[in-house]
Amino acid sequence: MTAKTPSPRPDPAAADTRISRRLFGQLLGLPAVLASTATVTAVTACGGDDDTPAPAPAAATTLTRGEFVATISSYFDWIHSSEYNDPYKLLQPGFVDVIVGATANAKAIETAAEEAVVDTRDDYFHPDRAVTREEAAEMYAKAFRLPVSATDALAGFTDVAGISAERRASVNALVAAGHMAGRSATAFAPSATLTPAEAAEILTSLKTKQVAPPQVMCKSGTTAPRRYVRISTPTEGAQLFYTYTFDGSEPADPSGAAGIAYDFENNGVLQFVNPLTSTTDYRLYKLKAVAKKDGMTASTVQSFTWNIVRPRVGAFQARLIHAGNDTSPRVWKINNPAEYYQAFVFYIEGTTRGLVFDAGEYGYDKANLKTYIDTLATKPYDIIVGHNHPDHAEQIFNFTSAGVTLYASAIEKAAITAASRTDFQAAGAAAAVAEDGHVFDLGNVQVTAFMQPGHTNGLMTAIVNQTGWVFGSDMFCCNRAYTADTTQYAGVKVDLFLSLVQQLLANYQRVSTTGLITELTNAHQEVPVGMEGVKNFVQCFQQLIDRGDAATAPSIRGGRVGNPTAPTTRNSRMSIVGDMWRDKNWMAVGNSLGTGLDRPVDYFSAPTAAYPSGVAIDYNTADGFRKYAVLSNIQFGGGTLVGVDVYWAAPANGVPNKIANRFDPWTRAYTVNVPAGRTSLVVTPTAMSNKVTSIKVNGTAVAQGASTTVAVAAGTVIAVQVVSPDGSTTMDYTFTVAVV
């Protein structure tokens, strides 16, 4: 049987004042309509069908139900499910006659349903019907969570019997509070259509007299491994207060002495977790919040709940994220629900061999990840650990003790071997060193590992050359909005880190068969990102170089002073790009970015004797960021730069903290290898700051990010000059051509 689309129900409230869609499309935009206070005679006839020429546009006299709801949704800035960055979000409620992409204001209508402002018991919303006065009153009352009034404010209206029983309390609440008046002293006119002028007047009254109810992100009512929660209200200048419990009991009234003051910049997100010390598999968090502002009526107390499930004992589980074919590998994404930080492990398998990337967090003596990988693998495999942090390296001993080859950078191998844990010591001693650029041959595909210091000194990332899939361990941030992660890369100063990241990305593109990065996954991401996410990550650092400390903000983790859910997480800067709730490509770095919000800037490079460095300027001084007269990267199409050793920290665990064959912004002289017979190079210099006064190649000005072609022969010297944003400093580089 073929399923039938439900027929539209008769609309008993349809009024003669409706206008054709064609005419409506020619009217003024909604904000202008709401701003209008002109009295206009109702349109009672609009011509024939949509092929009939429309009359000249006139000011609208009605609002459709969809348009009206959109004004409320816009004020509260509600996020539609399709735009909400949360893998644990609830199903989006909807209506038969509201279709996203086809119905005007569909997202606003559906978010209003989610916020219980419109009723979903009837499958139909009738978005194109004019909204009546009693319908509007009900939606306003529900949106602002107005309490029932003990005053009978409707007694003076002769048509009070015409107000539907289910809406009478809402109408009475609005009238009693002075937000809505009758059409006359004796008539409320409940079934009359609401005019744009009336809607604007009521909303203005609510916005200026009634504090809007508190809202939360992540959204309430969800079950997840953790929830990081921000409280807000659209009422500007209102003060928020909250109470919470995690045992399912009712929190105290936040309106009284028990209420804890909340400000996002000062306190950051509330961190609702089931800690490792918990004796239960879950915690049921309940939050109550109220918003207050002098001279306005306080909001009603709002209640929210989250079920935080992290079992004390768990079994490994896997999801196949790439099925694989002749030219791509099969990839499994693996985790254990009992893990606190939820860092994923990846098993990548080609036609002849496999590779495990990272080693998880769940205790190696509680469950064996190697044994679980064996249930997935159909080929022999090796393992590479991205870095030595226990949420990524916990299970390494179970692999090395079983004879599986463990790879790590020399720096991470030394750090693992130097750990206090005997299992780490044994695994570190057995580990093989993966050099920067190490290639793992899996048969039909090759995986290239590149080192990127910052999060740790020797963190390794990997790219599948044939597909452009990048696995980052803790590199490239985490886009989990529900954990508000501001990943730290404090091991390398921001300017040098930016330079090394630009070079890392160039290396990915060099080995990628297509020259592209098609998918990038941090171990703490449910959803991978593409180049937009990569660009946002780079921009987190670039904006610090371009704008200095003005580009920072108090961290979303703990803000300035912290909060009771995470009292020690506080006083850190962050740099953020993108909307963490609406954009899967949002990125944030911090915790820490420098030594603290209350400390002077110290995250840029400065002269040092602790390790080899050519830095001669302290960029941390006032306006120091305006003195960058250096390149962060340079590329030669048709030639290969011979890099130098780049250092960022003193030696540790008997190993120098350096990376070989890289461009160093503070080294002035380089060699460029050019194949015999090559007579020109395409030179692409990138200045550290986007605000530099000038970049010149052989005396000719070149725009930031632009390329220029230079004729070359053996011994040719290419000169590049950079002048700082403030014009006070200049750096001259030379690149001497060697024919090879």
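**Ground rules.** I am looking at a predicted model, where local features need pLDDT of at least 70 and side-chain atom pairs count only at pLDDT 80 or more, while totals for chains, interfaces and linings use all residues. Residues are numbered from 1 along each chain as its sequence is written, and side-chain values use heavy atoms, with hydrogens and water left out.

**Helix α3.** I started with α3 (65-76). My names for helices (H or I, at least four residues) and strands (E, at least two) are DSSP runs, numbered from the N terminus. α3 has 12 residues and reaches 17 Å from its first C-alpha to its last, close to the 16 Å expected at 1.5 Å a residue. That expected span is 1.5 Å times one less than the number of residues. How many residues of α3 are buried? I found 11 of its 12, including F68, I72 and F76. Buried means under 20% relative accessible area, exposed means over 50%, and partly exposed is in between (1.4 Å probe, protein chains only).

**H80.** Next I checked H80, in the loop between α3 and α4 (106-114). H80 counts as buried because its relative accessible area is 5%. Leaving out residues up to four places away in sequence, H80 touches Q92, V100, K107, E110 and T111. Contact here means heavy atoms within 4.5 Å.

**Helix α6.** In α6 (residues 168-176), I listed S170, V171, N172, A173, L174 and V175 as buried. α5 (133-143) and α7 (196-209) are among what covers them. G178 follows α6 and has a positive phi, near 85°.

**Strand β6.** Which way do the residues of β6 (residues 270-273) point? I saw L270 and F272 go one way and Q271 and V273 the other, and all are buried. β3 (residues 226-232) runs antiparallel to β6, joined by 4 bridges, and V229 has L270 as its bridge partner. Two strands pair if DSSP finds at least two bridges between them.

**The open sheet of 6 strands.** I read its order as β25-β28-β34-β33-β30-β31, with mixed pairing. β25 (640-642) and β31 (700-701) are the edge strands, each pairing on one side only. β25 and β28 (residues 669-674) run antiparallel with 3 bridges, and V642 stands opposite T671.

**The open sheet of 3 strands.** This one goes β24-β29-β32, and the pairing is antiparallel. Its edges are β24 (631-637) and β32 (708-711). The twist averages 30° from one strand to the next. β29 (residues 680-687) and β32 share 4 bridges, with V682 opposite T709. Helix α14 (residues 494-511) packs on the sheet, touching β24 and β29, and its direction makes about 25° with that of β24. Axes are lines fitted to C-alpha atoms, for helices over the stretch in contact, and angles run from 0 to 180 degrees between N-to-C directions.

**D579.** Last, I found D579 in the loop between β22 (573-577) and β23 (587-590). A polar atom of the D579 side chain lies 2.9 Å from the backbone nitrogen of W581.

Notes: A polar contact is a pair of N or O atoms within 3.5 Å; within protein, one must be able to donate a hydrogen and the other to accept it, and residues adjacent in sequence count only if both atoms are side-chain atoms.
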